Amino acid sequence: MSLFKRKPREAARRAPADGADDRPFWKRKAMREMTREEWESLCDGCGRCCLNKLYEQGTDKLYYTDVGCRLLDGDTCRCTDYNNRAAKVSDCVTLTTRNINRIGWLPPTCAYKLVAAGKDLYWWHPLVSGDPETVHSAGISVRGKVSASEANVPDDKFEDYIVSWPMKWPKGAKG
């Protein structure tokens, strides 16, 4: 009798014996096997990762603010210059299969985080709903919640914008 058991998510990615696999790509492929298009489509367009975050000195405790990146469009919840974001915003982080599990500030609703943990996407994700508006109607996105752009907030004022909602699930979003 073995003391070891295969991880459930590894077993779940195996194709059925008949060779047909109708499951969506995020259920049947490891993240490193996804095409660029598949990888990019995992982003639900919530914009939560584009909010500025603060670390408390001495404790490294994370705090979100409702101050958006200078490139964040608060209405669409998308980057206004996605292809050049890393060159224009020095602390912009590009998610990869290599760093996804090391980034502790991703919100709990993040599809990359969910899929990396072997979980499924929720009903409001555009890949599930077929509608990019469901992420907004479910209250997941930052639409209507961004109070300022970092371009307009002095560094010493960021503490005035600390909020807790980005690290929480909106009511009914898991249902």
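**Entry 1: Aspartate 60**

I looked up aspartate 60 and found it exposed, because its relative accessibility is 59%. Exposed here means over 50% relative accessible area, buried means under 20%, and partly exposed lies in between (1.4 Å probe, protein chains only). This is a predicted model: local features need pLDDT of at least 70, side-chain atom pairs count only at pLDDT 80 or more, and totals for chains, interfaces and linings use all residues. Residues are numbered from 1 along each chain as its sequence is written, and side-chain values use heavy atoms, with hydrogens and water left out.

I placed aspartate 60 in the loop between strand E1 (51–55) and strand E2 (62–68). Helices (H or I, at least four residues) and strands (E, at least two) are DSSP runs, numbered from the N terminus. The phi of aspartate 60 is near 60°, a positive value in a residue other than glycine.

**Entry 2: Cysteine 77**

Is cysteine 77 buried or exposed? I noted it as buried, because its relative accessibility is 3%. Cysteine 77 is in the loop between strand E3 (72–73) and strand E4 (78–79). Its phi is positive, about 65°, although cysteine 77 is not a glycine.

I then listed its pairings; two strands pair if DSSP finds at least two bridges between them.

- E1 and E2 run antiparallel and are joined by four bridges; tyrosine 55 has leucine 62 in E2 as its bridge partner.
- E1 and E2 form a hairpin with six residues between them, and glycine 58 in the turn has a positive phi of about 90°.
- E2 and strand E6 (residues 162–163) run antiparallel with two bridges; threonine 65 is partnered by isoleucine 162 in E6.
- E2 and strand E5 (residues 148–149) are parallel, with two bridges; valine 67 is partnered by alanine 148 in E5.

**Entry 3: Nonpolar cores**

A nonpolar core is a set of buried Ala, Val, Leu, Ile, Met, Phe, Trp, Tyr and Cys residues joined through side-chain atoms within 4.5 Å. Which residues have the most contacts inside the largest core? In this core of 25 residues, I found Met31, Met34, Leu42 and Tyr112. Helix H2 (25–28) and helix H5 (111–116) are the elements that give two or more residues to this core. H5 gives the largest share, four residues.

I checked methionine 31, leaving aside its neighbours within four places in sequence. Contact means heavy atoms within 4.5 Å. The contacts of methionine 31 include Trp39, Leu42, Thr97 and Tyr112.
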